[in-house]
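These are my notebook entries on a structure that I consulted entry by entry. I set down what I looked up and what I found.

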Amino acid sequence: MKAKEAVLDAILTQGMLPLFFYPDADVSLEIIRTLYKAGVRVLEFTNRGDEALDTFATLSKAVKQEMPDMHLGIGTVKTEADAEAFVAAGADFIVSPIIDAGVAKVAAKNSMLWIPGCMTPTEIHQAQQLDAALIKLFPANILGQAFVSSIRDLFRGQLFIPTGGVEIEADNISGWFRAGVCAVGMGSKLISKEVLDERLYDKLYANTIKALELIQMSR
């Protein structure tokens, strides 16, 4: 488990949070190794299948041995019980698509970064009351960049990261940062089903390098 401040700083420095789920631990570890080789030091494995907990536990052990400076978090956590299970499996931080007080409690108890998903100003306020240092705007493709521009002055100092629909394109990425986000979430646009199923690690490496370069140019 990594300290809350260290994980948050890693996300802010990287400017991107890659995220994916794949049931096969061997393939998933190769994905993480490829991301690491490209310069990624913080990423999210999502809780999207029956195999997620066992796969995550295997990945967490391997990452801690091979890549001790990598921050590996768990996403799509919606219940307190799941939060407890993944913390026990070695999660460094927790990401949720929703606001759940039980998940927030687990994160606080373990001094971990918790990133809840919000879609409205009311939800953002509720997340702040539960000490969310970083808030995920989800789904970002529905909310859009104009939403960030419109609400950022209402929540001065709050850090936002959009997830869903962020493209590996200069105009798209720069637009999000101009709107006021501190980082972008990159899921299937970076780690696609094709990359996972066909083991296209070279393609993933090249796209990750490109995404990180575009982010640095956009800030």
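This is a predicted model: local features need pLDDT of at least 70, side-chain atom pairs count only at pLDDT 80 or more; totals for chains, interfaces and linings use all residues.

**Entry 1. Nonpolar cores.** I looked up the largest nonpolar core and found that it has 65 residues. Phe 20, Ile 31, Ile 32 and Ile 94 are the residues with the most contacts inside it. A second, separate core has 14 residues, among them Ala 10, Val 95, Ile 115 and Ile 161. I then asked which residues Ile 31 touches, not counting those up to four places away in sequence. I found Phe 20, Ile 191, Val 195, Leu 196, Tyr 201 and Leu 204.

**Entry 2. Thr 55.** I located Thr 55 in helix α3, which spans residues 52–66. Is Thr 55 buried or exposed? Its relative accessibility is 5%, and buried means under 20%, so I count Thr 55 as buried. I next examined its side chain, which reaches the backbone oxygen of Pro 23 at 2.9 Å. Pro 23 is also listed among the contacts of Thr 55 when neighbours within four places in sequence are left aside; the others are Tyr 22, Asp 24, Ala 25, Ser 28 and Phe 45.

**Entry 3. Helix α4.** I looked up the buried residues of α4 and recorded Ala 83, Phe 86 and Val 87. They lie on the same side of α4, because they cover an arc of only 105° around the axis. On the face turned away from this buried side I found the exposed residues Ala 81 and Ala 88. I asked what the buried residues of α4 pack against. The elements are α3, β3 (71–75), β4 and α5. After α4 comes Gly 90, with a positive phi near 110°.

**Entry 4. Helix α5.** I turned to α5, residues 101–109, and listed its buried residues as Gly 102, Val 103, Ala 104, Val 106 and Ala 107. Their cover includes α4 (80–88), β4 (93–95) and β5 (113–115). I then checked both ends of the helix.

Terms used. Residues are numbered from 1 along each chain as its sequence is written. Side-chain values use heavy atoms; hydrogens and water are left out. Helices (H or I, at least four residues) and strands (E, at least two) are DSSP runs, numbered from the N terminus. Buried means under 20% relative accessible area, exposed over 50%, partly exposed in between (1.4 Å probe, protein chains only). A polar contact is a pair of N or O atoms within 3.5 Å; within protein, one must be able to donate a hydrogen and the other to accept it, and residues adjacent in sequence count only if both atoms are side-chain atoms. Contact means heavy atoms within 4.5 Å. The arc is that of the directions from the helix axis to the C-beta atoms. A nonpolar core is a set of buried Ala, Val, Leu, Ile, Met, Phe, Trp, Tyr and Cys residues joined through side-chain atoms within 4.5 Å.
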